[in-house]
Amino acid sequence: MRNLYRLWNRLLRPKTWGVGAKTDGFSLGDPLSVSEARLADHLTNTTDIVSFYDRDFRLTHYTTKLKSIQGNVVAAGAAVWEVYPGFLDTRLRGELDRVLHGGSPTTIDLRASGDETPRSAFVFGVVNGVGIIESRQTGQGGRTIAEEQEHVTLLHQATHDVLTGLQNRRRFSERLQQALSAVDDSLEKVALLQIDLDEFKAVNDTLGHGAGDALLQLAAGRIQDTLRDGESAYRYAGDEFAVIQSGKEQPGEAERLAGALIDALKAPFVINGIPVFIGASIGIAFGLEHGTESEQLMKAADIALYAAKRDGRGCARIFNRSMLLLLEQRENLRRSLRMALERNELYLEYQPLFSTPSSVVGFEALLRWRHPEIGTIPPGVFIPIAEADGLMDEIGRWVLEEACREATTWPSSLTVSVNLSPAQFLSGSLTDSVAQVIDAVGLRADRLEFEITETVLLEQTIDNLDTLNTLNVLGIRISLDDFGTYYSSLSYLKNFPFDTLKIDQYFINDLETDRKSQTIVRSIIGLAHGLGISVTAEGVETKGQARWLKKEGCDCLQGNLLGRPMGGEAARNFVRRSAHMTSSGKEERNRAV
């Protein structure tokens, strides 16, 4: 029985049909996978009673068996209620509408009259309408209605995703290879669109998996509604979907479809009365240009999808070779980064922080990576890789130990600032690690300051605030870095006793000439001081900036004007020179007095 279902799956894939030929469950309108003669023979001789209807419930395709039973009423364009008068019933018509608009497949009893053989219809959705497989109760040797229902249900389940009703990954792989096999000239391209829902995890985490499932169903419906002839949708995995587009002019049609999908998924979804906003990133690849086998094309589309996410999400990108080179470079960096600590390739530099009368009050420890072949790699490149690969716990502990050991060589009045990655909060053991390190190194807790960004407060807010409060109780200072560039929620300042706010250099760059920047910086300083919080300005590059900040009461300055990042030994020499200059200045002032 199951073999019969598989046979229908293999055979009902003609290369060209008339209007409305595209379907979901039986591959109508897909590239030819067997000879048309063999297909026609099966349509003529099969005992299955199968028919397909467009969105207006007009007959598009049918098997010879159906026509032999129903006669001349079975013809292209006939209404479903002409073929099956039972569907004139309002209730049954409602079931047809429900399935047409994405509802689950259903079995409908077709009422027998007189001596008519008892019948039922299995109704299922296809991309451009519905399909019906009729079952008739037979005598010995035939299938009963129950057997027919089991037959068609198993067929649908084997090829469709249970949650969304879209074709599943197994079906996707088969159809993609068939589409590629059918391309016979350079003008005809198959487009593969890989779709990933942006911010889906946040919905699952905040509203629960039930809401996540509902969102996937709604998203699948929007994807279906966006498609035209020659386009079929699949649920690939999790919150990933795919669309195969055949027989279109490329790349224009793929770009049009991608734009339509992004717009459709950008509009709010309403789940349990709550508006939910997500979005979609899409990677596009073309066969045979980017791959002659399904695996090659899927890899190309996946690389393009990664590029779309890297470029800010909510957009589509078409695969090109440079993306592959970038990905290979990234993979090489990932492998190298795993060995960087072992090979002593990571090191720290220290940038001084000054109180406004120009005395050094501490240093910020900055992580660097000197790759043996590439040279120095910017933190903005390798830190996201370390976070994504779960390496930040190990690297973060090393940074903390190294910075604290270095700080013990400075005068006891100087502090050391260490940046904490949001990824370091995920393990749940951050406070224990910090306590162990400062005990082992022998550094006073009040000489250590952790710098965090608002990203830490956005992720697992309650747990992360608990961690920060524990660190604060230990005596460690906490600084909110890059203030003003993320969400800048004042609730953070109300709910947690920060010691320092660091004004991002974005507002410092044009401080001398831009009144808006001046107003914002002045407001931040006033707000922080009103809450008893110290203020540090980052990125101070000119004397004019330093004078303005000093005049407005900014507590600390940091930037290349005052001191560039330097190695450990250079930092120690810098401290000695600063101490000598400070003491010489005091002597001169005393003599003057």
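**Notebook: loops, sheets and cores**

I began at asparagine 272, which counts as exposed at 72% relative accessibility (exposed is over 50% relative accessible area, buried under 20%, partly exposed in between, with a 1.4 Å probe and protein chains only). This is a predicted model, where local features need pLDDT of at least 70 and side-chain atom pairs count only at pLDDT 80 or more, while totals for chains, interfaces and linings use all residues. Residues are numbered from 1 along each chain as its sequence is written, and side-chain values use heavy atoms, with hydrogens and water left out.

**Entry 1**

Asparagine 272 is not a glycine, yet I read a positive phi of about 55° for it. I found asparagine 272 in the loop between strand 9 (269-271) and strand 10 (274-276). Helices (H or I, at least four residues) and strands (E, at least two) are DSSP runs, numbered from the N terminus.

Arginine 313 was my next stop: its phi is near 65°, again positive in a residue other than glycine. Arginine 313 sits in the loop between helix 11 and strand 12, and at 39% relative accessibility it counts as partly exposed. For background, most residues other than glycine have a negative phi, and most peptide bonds are trans.

Where are the cis peptide bonds that I noted? One runs from glutamine 250 to proline 251, with omega near 10°. Proline 251 belongs to the loop between strand 8 (240-248) and helix 10 (252-266). Another joins glycine 287 and leucine 288, with omega about 15°; leucine 288 lies in the loop between strand 11 and helix 11.

I then traced an open sheet of 5 strands, in the order 7-8-6-11-12, with mixed pairing (two strands pair if DSSP finds at least two bridges between them). Strand 7 (231-237) and strand 12 (316-318) stand at the edges with a single partner strand each, so one side of each has no neighbour in the sheet. On average, neighbouring strands here are turned by 20° against each other, direction ignored. Axes are lines fitted to C-alpha atoms, for helices over the stretch in contact, and angles run from 0 to 180 degrees between N-to-C directions.

Strand 11 (residues 279-287) pairs with strand 12 in the parallel sense over 3 bridges, and isoleucine 284 stands opposite isoleucine 318 in strand 12. Helix 11 (residues 294-310) lies across strand 6 (189-198), strand 7, strand 11 and strand 12, running at about 145° to strand 11.

**Entry 1: strands 3 and 4**

Strand 3 (residues 106-110) has a covered face of Thr106, Ile108 and Leu110, and an uncovered one of Thr107 and Asp109. Strand 3 runs antiparallel to strand 4 (residues 119-126), joined by 5 bridges, and aspartate 109 has serine 120 as its bridge partner in strand 4.

Leaving out residues up to four places away in sequence, threonine 106 touches Glu95, Arg98, Val99, Ala121, Phe122 and Val123 (contact means heavy atoms within 4.5 Å).

**Entry 2: helices 8 and 9**

The axes of helix 8 (residues 200-207) and helix 9 (residues 209-226) come within 6 Å and cross at roughly 140°. Helix 8 contributes Phe200, Val203, Asn204 and Leu207 to the contact, and helix 9 brings His209, Ala211, Gly212, Leu215 and Leu216.

**Entry 3: cores and cysteines**

Which residues have the most contacts inside the largest nonpolar core? In this core of 77 residues they are Leu448, Phe450, Phe498 and Leu549. A nonpolar core is a set of buried Ala, Val, Leu, Ile, Met, Phe, Trp, Tyr and Cys residues joined through side-chain atoms within 4.5 Å. Helix 14 (residues 392-407) gives the largest share of this core, 7 residues. Apart from it lies another core, of 31 residues, including Leu257, Leu265, Phe269 and Ile284.

Helix 20 (residues 543-551) has Gly544, Gln545, Ala546, Trp548 and Leu549 as its buried residues. They pack against helix 19 (515-530), strand 20 (534-537) and strand 21 (556-557). Glycine 553 follows helix 20, with a positive phi near 90°.

Last, I counted 0 disulfides (a disulfide is a pair of cysteine sulfur atoms within 2.5 Å). The sulfur of cysteine 556 is 7.3 Å from the closest cysteine sulfur, in cysteine 554, which is too far for a bond. Cysteine 556 is buried, with a relative accessible area of 13%.
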